[in-house]
Amino acid sequence: MSVRIRSDLEKLPAYVAGRTVPGSVKLASNEVSAGPLPSVVEAITRAAHDVHRYPDMAATELVETLADRLVVTTDRIAVGCGSVALCQQIVQATCEPGDEVVFPWRSFEAYPILARVAGAEEVRVPLTPEHELDLAGLLAAITPATRVVFVCTPNNPTGTSLRREDLEDFLRRVPPEVVVVLDEAYREFVTDPAAPDGVELTRQRDNVVSLRTFSKAYGLAGLRVGYAVGAPEIITALRKVYIPFSVSAVAQRAAVASLSATAELERRCAEIATERTRVREALLELGYEVSASQANFVWLPLGERSAAFDAHCAENRVVVRAFAGDGVRITIGAPEENDALLKAAASFRG
């Protein structure tokens with residue numbers, strides 16, 4: 001072809017989504033198996049009648065509802081096509097070719113992709129031996145070229161969460177011109193009272209942004225809607241690089257309805273946390289090492305045995321998410337789905 005394509009795209013890592021295998025239990029994508037909150041389904045159905053109209057590009061009702069819920073002003077909230085889109089917008093708004101994006105590794109696998117797409121340099125900081133974020137390592141990795149630091153807590157895929165006091169100490173040491181992104185996609189599943197609240201931290205520091213999503217606990221992964229909370233200057237920049245109409249009207253109405261279903265959400269998250277404990281304890285009894293998770297998944301650091309465990313689960317019609325050479329992430333599903341996983345894990349001899 002005579003068309004010129006960026007040569008560096010050949011080196012761009014591909015985002016790997018969790019597999020869906022018909023007839024198998026899918027525990028690979030951190031989805032909630034129960035679907036949208038029951039009271040939200042009606043709102044989604046009603047919204048479908050208006051899909052011939054463009055959505056509100058400013059997501060006015062959703063932004064106002066979030067502002068009221070979080071007790072912040074509307075100029076401190078941006079809505080995006082899932083929190084991953086907001087990650088991309090932050091990199092686009094802050095980085096030029098040659099600038100640096102620092103993030104823990106292993107963590108959300110979109111981070112290196114988003115950095116490279118923007119022409120920025122990726123800086124990976126290894127996790128601790130306990131599979132936790134190394135805040136001292138992240139701090140040491142910051143240079144004059146650093147524009148963004150991603151901090152995923154609870155971390156995907158290990159499920160480990162930072163302590164509030166440790167994160168606050170880290171933030172005090174980060175240069176004020178560096179944007180710290182607290183990726184809190186799994187915040188609703190957190191039960192540890194010592195865990196940080198990113199939205200609260202955005203009130204204290206202008207260089208901190210909290211990202212949250214409706215894809216996980218709220219069960220709206222297929223509708224793609226997330227939000228950022230931060231200083232007005234950062235939010236304004238995010239809106240400038242927003243793809244017009246990328247958050248559909250159906251997604252906006254479903255998100256607004258979800259915010260009114262607090263009791264349903266709390267019950268769901270409590271049930272998942274209970275199952276998370278049960279699954280982890282059962283895996284520990286089977287002899288597996290399992291990180292203490294605050295998310296809706298658990299992490300098995302199986303190293304080179306990860307691919308074999310993945311294949312064994314697939315043979316038993318359970319789909320998990322393997323990260324070659326590192327470990328396996330297993331979503332917490334319904335009790336019967338988790339039982340199928342535990343049965344497969346008990347028979348693994350790899």
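In helix α11 (residues 306-315), the residues S306, F309, D310, H312 and C313 are buried, where buried means under 20% relative accessible area, exposed over 50% and partly exposed in between, with a 1.4 Å probe and protein chains only. These residues lie on the same side of α11 because they cover an arc of only 165° around the axis, the arc being that of the directions from the helix axis to the C-beta atoms. This is a predicted model, in which local features need pLDDT of at least 70 and side-chain atom pairs count only at pLDDT 80 or more, while totals for chains, interfaces and linings use all residues. Residues are numbered from 1 along each chain as its sequence is written, and side-chain values use heavy atoms, with hydrogens and water left out.

**Helix α11**
- Helices (H or I, at least four residues) and strands (E, at least two) are DSSP runs, numbered from the N terminus.
- The buried residues of α11 pack against β9, β10 (318-319), β11, β12 (327-331) and α12 (335-346); contact means heavy atoms within 4.5 Å.
- A307 and E315 are exposed, on the face of α11 turned away from its buried side.

**Helix α2**
- L62, V63, L66, A67 and L70 are buried in helix α2 (residues 60-70).
- They sit on the same side of α2, because their arc around the axis is only 135°.
- An α-helix has 3.6 residues a turn, so residues three or four places apart point the same way.
- Packed against the buried residues of α2 are β2 (77-80), α7 (198-204), β8 (226-229) and α9 (249-259).
- Just after α2, V71 has a positive phi of about 60°.

**Q294**
- Q294 belongs to the loop between α10 (262-285) and β9 (297-300).
- Q294 counts as buried because its relative accessibility is 14%.
- A polar atom of the Q294 side chain lies 2.9 Å from the backbone nitrogen of D192.
- Not counting residues up to four places away in sequence, Q294 touches several residues, among them P154, Y186, D192 and R276.

**T128**
- T128 is in the loop between β4 (121-126) and α5 (135-141).
- Not counting residues up to four places away in sequence, T128 touches L133 and D134.
- C-alpha to C-alpha, T128 and G219 are 31 Å apart in space, and they are 91 residues apart in sequence.

Conventions: A polar contact is a pair of N or O atoms within 3.5 Å; within protein, one must be able to donate a hydrogen and the other to accept it, and residues adjacent in sequence count only if both atoms are side-chain atoms.
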